[in-house]
Amino acid sequence: MEPQSDNSSEQQKIQTQQQRRPRGFAARAAAEATAIEMESMSPNDSGGGGKGKKEREREKERTKLRERHRRAITSRMLAGLRQYGNFTLPARADMNDVLAALARQAGWSVDPDGTTYRSSPAPPPPLHIPPSPMIPYPVRSIESPVSTTALKNCSTKAPLDCQTPVHRIEGNLSPAVSLDSSVVAERGPTNRVNSSQCLEADQLMRDVGPQEHVGDYTGTPYIPVYVMLPTGVVNNFCQLVDPEGIRQELTQLKSLHVDGVVVQCLWGIVEGWNPQKYTWDGYRDLFDIIRQFTMKIQVVMAFHESDVNESGDIPVSLPKWVLDLGRDNQDIFFTDREGRRNTECLSWGIDKERALKGRTGIEVYFDFIRSFRTEFDDLFVEGLISAVEIGLGASGELKYPAFPEKMGWTYPGIGEFQCYDKYLQQSLRKAAKVRGHLFWARGPDNAGQYNSRPHETGFFCDRGDYDNYYGHFFLQWYAQTLVDHADNVLSLASLAFEGAQLIVKIPSVYWWYKTSSHAAELAAGFYNPTNHDGYSPLFNVLKKHSVTMKYVFPRLLYSGEENDEAFADPDGLSWQVLNSAWDSGLLIAGQNTMASYDREGYLKILETAKPRNDPDSHHLSFFVYQQPSSSLQREFGFSELDSSIKCMHGNNFNPA
């Protein structure tokens, strides 16, 4: 009788399972899970299937990646709604908050428990006029009257361009498009308007007019503006080249109401010939002239080489005695996988190695900083020097020199890891040993070349090695080395410049930002793949030393087609970096690139410098303007700069 009772109980279980059979998406997920489990089972697997366990682990990783994509899409949707749609969403908003905000915008009532209803008959679609001047060109049709053709097109099946403008989210939302993460906008009958509504909307928007809103910065916060002087004002022998030319330029800048100038004090000039022999004569003469114009000075402690560029800079290498040491010990420079040395700056591997005639890299930087502080103590007491920027890498920016043009790199190459000198390799071996996996003490061998694309490599492609256990270990070590370098240098700089404002410059590595790996950022030292904030650890160190973060705004030189091919997202990167820095409690400054001297560039910078719809009223603490070449100055003059300065200072200005 016992076997019969067992059989009856089994039948009851089967019937219960059939009654509780999942439906819809749950049924499909259950079927897929069953199929995976059946495929993974083998007659030889007595313990339930080791192969199945591995497959389930892979599926977990794929699920994590899909979830990261979905979260990235959500965060960009929320950012667009806040910035361009005037939606006051919570900082940690979810999709319920978004749906509720959209429902209220459409005239519905939404209770706290989610009950949604319309208490009165549905009103006609409201005409929305963007109240903010943040978007430079909100609707292109507002500058021209309504044409007959446009009115003919505004029928019952009117296209989107002829409908009443609603909140617009610009730019791509998703770093990767998939069926489970696409957002489709449906248009129902309530979204359609007739030709008279099109005419009324266009007429009303023209009545309001761009002259009343776009570019009106009256009453906005005062943002000081500094202009960067070219390095060519002081030659390689630390002599002031053209004092009269400097006076003329300062006179012109003074007429534009510029607050001050930025002067780069290059290591290769001051300590160029012998260690600990500092020459400041040319900079002293320059500062004396600037003092006569009662302008503030920001100085840059520049520990990198300077190349010829469009702003009139002269080529200045690292100190000659350092280059001489490099001939005998090339590992003091950053090195790529092929063994090519980069002399833009010293490797961070010697920060604590006595490889510079008995001194470590940190000691060399500190001796230079201390010499400057002693030499120009009177200017600090007088208040003429308002801030000091500490150069922490290539081009003075805190990054690895992963994109050297002299090595053949061109945009939008992913760059290469710069960790193959013997000192950084020793650090990597030590970290791998601590982790218990000594075979991880190597750089990735499938990360491509300087001009590779992510999908062409096994490391940066989707589901590539960057996202496995070894990839996590290597990238965390690589990024932590950058953070440690900043921490070590700033610890001593804050002692030398106690009481002064310190600045650190952060680059914008925005190409390949829409891919999962963010390959270019990883090569530059920012561990910032999809759904991982690689900037917070760095900003916490800057906050620790009360440093102002100066962000280099992305250039507008490349066309939209080129940026699309590079999966670039300058706006998305800027939004992440700035918000991460503000969340860390940092003061933020800005600097343009050489290609941002036109009207479009100025408007883009102003839009970010003074976000009009920011509920926390964030804005830049100051802005540094890099000048174009003399020929471009003659072509464009100073009208654009003059207008931009007025907007930064909070004066009324209409860029149209």
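This report walks through the nonpolar cores and aromatic contacts of a predicted model.

## The nonpolar cores

Let's start inside the protein. The largest nonpolar core holds 152 residues, and the members that touch the most others are Tyr 283, Phe 287, Met 301, Phe 372, Ile 390, Trp 511 and Met 549. Helix 15 (residues 469-496) supplies the largest share of this core, with 14 residues. A second, separate core has five residues, among them Leu 78, Phe 87, Val 98 and Ala 101.

Leaving aside residues up to four places away in sequence, Phe 372 touches Cys 265, Trp 280, Phe 287, Val 299, Met 301, Phe 380, Ile 385 and Phe 497.

## Aromatic pairs

Across the whole structure, a search finds 44 aromatic pairs. One of them joins Trp 280 and Phe 376 edge-to-face, at 5.8 Å centre to centre and 85 degrees between the planes. Trp 280 sits in the loop between helix 9 (267-270) and helix 10 (281-292), while Phe 376 sits in the loop between helix 12 (361-375) and helix 13 (377-382), 96 residues apart. Both residues are buried.

Trp 409 and Trp 511 form a tilted pair, because their planes meet at 40 degrees with ring centres 5.8 Å apart. This pair ties together parts 102 residues apart in sequence, since Trp 409 lies in the loop between strand 8 (385-390) and helix 14 (422-435) and Trp 511 in the loop between strand 9 (501-506) and helix 16 (519-524). Trp 409 counts as buried at 9% relative accessibility, and Trp 511 is buried with a relative accessible area of 9%.

## Arginines over rings

Arg 373 lies over the face of Phe 380, 4.4 Å from the ring centre. Arg 442 lies over the face of Tyr 470, at 4.3 Å from the ring centre.

Technical notes
Residues are numbered from 1 along each chain as its sequence is written. This is a predicted model: local features need pLDDT of at least 70, side-chain atom pairs count only at pLDDT 80 or more; totals for chains, interfaces and linings use all residues. Side-chain values use heavy atoms; hydrogens and water are left out. A nonpolar core is a set of buried Ala, Val, Leu, Ile, Met, Phe, Trp, Tyr and Cys residues joined through side-chain atoms within 4.5 Å. Buried means under 20% relative accessible area, exposed over 50%, partly exposed in between (1.4 Å probe, protein chains only). Helices (H or I, at least four residues) and strands (E, at least two) are DSSP runs, numbered from the N terminus. Contact means heavy atoms within 4.5 Å. Rings of Phe, Tyr and Trp (its six-membered ring) pair if their centres lie within 6.5 Å; planes under 30 degrees apart count as stacked, over 60 as edge-to-face and the rest as tilted. A charge sits over a ring if NZ of Lys or CZ of Arg is within 6 Å of the ring centre and within 35 degrees of the ring normal.
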